Amino acid sequence: MIDIFACLNRDQRPPRNWAHRVWPRAVAPHYPQTRRSLTYHEAGHAIFHYLQNLRMTGVYVDADSKSGKVSMDVPAIQATAAKLANVVIPRPLEEKITLDLATMYVAGVIAQCTLYGIRVDGVLSRDCHDWRNARKLLIDIFGNDHALFYCQELARFVLRKYWPFVTQLAIELDSKGAISAERVKEICAGAPPDPMCIS
Ligand SMILES: [Zn+2]
């Protein structure tokens, strides 16, 4: 598993203490609701699944190009959760995992904003699956969702670093409609982080 924060240079990532600051609301970004836009959304999630070594089975966009998803290996995730149920995870690690997972959820929309050159200058408030999941994770651990903007910024920096791979994922998803987890790994294998960042 890669430490996505440590992979970025000091001047290419949001300061960690931003996770505890309260940020103003951002104006909702407008971007095309097209198949291309959707493929970048899913590619944005997929690169984080790869970087975080999450148990994905594939990435899809529906034939009508209205929705897509990164599918997960649910039994494997449940088995891991069961194993960890009685393990006390140190608080700093718990916070880091939470921030990384919330970043994975917001990365879809941030990939779309990146594609269309939209800089989000505050906390996005959205009524969607991704935002509900990100906010729930943050509120469960931190008691609030102040870290949402930090997660948006972390997603933006990571996506920028790996943009050629996000683009390749999106193009292939557009043409095929589905990419297996193995193919995601093949595409992203060219995106090695600095060796010191692999944990
Ligand atoms: Zn999404």
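**Exercise 1.** At what angle do H1 and H7 pack, and how far apart are their axes?

*Solution.* The structure is a predicted model, in which local features need pLDDT of at least 70 and side-chain atom pairs count only at pLDDT 80 or more, while totals for chains, interfaces and linings use all residues. Residues are numbered from 1 along each chain as its sequence is written.

Step 1. Helices (DSSP runs of H or I, at least four residues) and strands (runs of E, at least two) are numbered from the N terminus. Axes are lines fitted to C-alpha atoms, for helices over the stretch in contact, and angles run from 0 to 180 degrees between N-to-C directions.

Step 2. H1 and H7 pack at about 85 degrees, with their axes 10 Å apart. The two helices are therefore roughly perpendicular to each other, given that angles under 35 degrees count as roughly parallel, over 145 as roughly antiparallel, 65 to 115 as roughly perpendicular and the rest as oblique.

Step 3. Ala46, Ile47 and Tyr50 of H1 meet Val184, Lys185 and Cys188 of H7, where contact requires C-beta atoms, placed from the backbone, to lie within 7 Å.

**Exercise 2.** Describe which residues of H7 are buried and which are exposed.

*Solution.* Step 1. A residue is buried if 20 or more other C-beta atoms lie within 10 Å of its own, exposed if 12 or fewer, and partly exposed in between, with C-beta atoms placed from the backbone.

Step 1. In H7, which spans residues 181-188, Ala181, Val184 and Ile187 are buried. They lie on the same side of H7, because they cover an arc of only 120 degrees around the axis, the arc being that of the directions from the helix axis to the C-beta atoms.

Step 2. Glu182, Lys185 and Glu186, on the other side of H7, are exposed. The buried residues of H7 pack against helix H1 (35-51), strand S1 (56-61), helix H6 (163-176) and strand S3 (178-180).

Methods:
Two residues are in contact if their C-beta atoms, placed from the backbone, lie within 7 Å.
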